[in-house]
Amino acid sequence: MTPPSAHDTEPPEPRVLCDARALADAPPVPAGVLWKLAKSGRQLDANLVRLAPGGRVAPHAEPDLDVLLYVVSGGGVLGAGTGDEPRPLAEGATVWLPHGSTRSITAGEDGLVYLTVHRRRPGMRIRGPGEMS
């Protein structure tokens, strides 16, 4: 049996992956990932995340990746910078989180559902002696 050639494979096509509003409106779970992009060969990672009312993602910095955050439903507060300066988040807000920036997220009284999108992290690899990380 001969392996399929490049001409035998179908080209990639755009497709609808999920209905973020429907997932956000589904009966609430305390917190967690409602959906994630898991297609093979992708160049992006994406997650739809629910935070319960008052739930929080502690201050942290992502050293390597810019992240785009879109508020699907609910609201809360983005803590920005080393002082965790509060910035309101409401449904429809689109936020750029540049790599290296410090941020936190706190859900409001109705909870918060948001989508994050960023470049896919490269796979782990073992580095030789003297290689930079």
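The chain has an accessible surface of about 9,300 Å², 59% of it belonging to carbon and sulfur atoms (areas by the Shrake-Rupley method with a 1.4 Å probe, where for residues only the protein chains shown count as cover). What you're looking at is a predicted model, where local features need pLDDT of at least 70, side-chain atom pairs count only at pLDDT 80 or more, and totals for chains, interfaces and linings use all residues. Residues are numbered from 1 along each chain as its sequence is written, and side-chain values use heavy atoms, with hydrogens and water left out.

Let's start with the overall layout. Of the 133 residues, 28% count as buried, meaning under 20% relative accessible area, with over 50% being exposed and anything in between partly exposed (1.4 Å probe, protein chains only). Among contacts between residues at least 6 apart in sequence, 68% join residues at least 24 apart (a contact is heavy atoms within 4.5 Å).

Now pick out strand S4, residues 67-80. S4 is mostly covered, with ten of its 14 residues buried. Strands count as paired if DSSP finds at least two bridges between them. S4 runs antiparallel to S7 (residues 102-119), joined by eleven bridges, and here Ser-73 stands opposite Val-113. With S5 (residues 85-90), S4 pairs in the antiparallel sense over six bridges; Leu-78 sits across from Arg-87 there. The S4-S5 hairpin has four residues between the strands, and Gly-81 takes a positive phi near 80°.

S6 is another antiparallel partner of S4, through four bridges. Val-67 faces Leu-97, and Leu-68 has Trp-96 as its bridge partner. In a regular strand, side chains alternate between the two faces of the sheet. S6 itself (residues 94-97) has Val-95 and Leu-97 on a covered face and Thr-94 and Trp-96 on an uncovered one.

Finally, the largest pocket holds about 260 Å³ of space. Its lining includes Pro-12, Glu-13, Arg-15, Leu-37, Lys-39 and Arg-42. By class, that lining has five nonpolar, three polar and four charged residues (Ala, Val, Leu, Ile, Met, Phe, Trp, Tyr, Cys and Pro are nonpolar, Asp, Glu, Lys and Arg charged, and the others, Gly among them, polar). A pocket here is an open set of points on a 1 Å grid over the protein atoms alone, where a 1.4 Å probe fits, with protein on both sides within 12 Å along at least five of seven lines; lining residues have an atom within 4 Å of a point. The volume is the space filled by probe spheres set on the points, which are joined across faces, edges and corners.

How values were computed
Helix = DSSP H or I, 4+ residues; strand = E, 2+ residues; numbered from the N terminus.
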